[in-house]
Amino acid sequence: MPKQGVVFDFNGTLFWDTKLQNDSWDCFLRNYGFSLNEEQKIKYIHGINAKDTFEYLFKRKMRAEEVDRLTEEKEVFYRQMCLDEGMEFAPGAEALIRFLKENNVEIAIATASAKNNVEFFIEHFGLLRYFKRDHIIFNNGRLRGKPHPDLFAKAIEAIGTKPARTTIFEDSLAGLEAAKRAGAGNIVVVNSTNASYPGFDHQQICHFDEFDRSLFLQ
């Protein structure tokens, strides 16, 4: 039987940081005279590549160097907030990851985060204990962001599984659409903010222990 794989989104999924993301975006936006309501943040920020977010905010095409500069400007706020608040895996996530490793299930991360943040997460979560570096797929400026399937498709390719034999864990609306477009055989909604997910009838979990691990013992 073809091997199974799992791809995790990171922000809001393995790391429940939505409030920190919102707060750091608010700090950044105030510096430029912008403000976004919760609905706009869901639509234009969460799970979205920075280039798409900034082009929405500034209403023009952005050069790569501008995106990099603005991204880092925002992420300085975010990373300091992470350090101030403390950083830990989502409830039950680390135990599930260990279970998957012990049962030879290939695992990857597919995140819209840029390289500097990914390196920050690798350091503070010790991600390389669990994930091969080339199985951590991130926004490198060359892949289309969610809801396009590129990040998930790249992660599935990296772990060498078929989409139909791959489970994707995701929290954002854009990410769920991306998982669907990537052809994932199983999509699990990680509801870390008591949100609603209109149009998506996938299993929802609020703790990774709620996920039925027997799926990977078949």
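Q: Is the crossing of H1 past H4 left-handed or right-handed?
A: This is a predicted model, where local features need pLDDT of at least 70, side-chain atom pairs count only at pLDDT 80 or more, and totals for chains, interfaces and linings use all residues. Residues are numbered from 1 along each chain as its sequence is written, and side-chain values use heavy atoms, with hydrogens and water left out. A crossing is left-handed if the near helix is turned anticlockwise from the far one by less than a right angle, and right-handed if clockwise. For H1 passing H4, the crossing is right-handed.

Q: How are H1 and H4 oriented to each other?
A: Helices (H or I, at least four residues) and strands (E, at least two) are DSSP runs, numbered from the N terminus. Axes are lines fitted to C-alpha atoms, for helices over the stretch in contact, and angles run from 0 to 180 degrees between N-to-C directions; under 35 degrees counts as roughly parallel, over 145 as roughly antiparallel, 65 to 115 as roughly perpendicular and the rest as oblique. The axes of H1 and H4 lie 9 Å apart, at an angle of about 140°. The two helices are therefore oblique.

Q: How are H4 and H6 oriented to each other?
A: Here the axes are 10 Å apart, and H4 passes H6 in a right-handed crossing. The packing angle is about 15°. H4 and H6 are therefore roughly parallel.

Q: Which residues of H6 meet H4?
A: Contact means heavy atoms within 4.5 Å. From H4 come Glu72, Glu75, Tyr78, Arg79, Cys82 and Leu83. Their partners in H6 are Asn116, Asn117, Phe120, Phe121 and His124.

Q: How many residues does the largest nonpolar core have?
A: A nonpolar core is a set of buried (under 20% relative accessible area, 1.4 Å probe, protein chains only) Ala, Val, Leu, Ile, Met, Phe, Trp, Tyr and Cys residues joined through side-chain atoms within 4.5 Å. Among those with the most contacts inside the largest one are Phe8, Leu14 and Phe208. Its number of residues is 37.

Q: Which residue just after H7 takes a positive phi?
A: H7 covers residues 150–159, and its buried residues include Phe152 and Ile156. Those buried residues pack against E1, E2, E3, E4 and H8. Just after H7, the positive phi of about 75° belongs to Gly160.

Conventions. Buried < 20%, exposed > 50% of the residue type's maximum accessible area, 1.4 Å probe, protein only.
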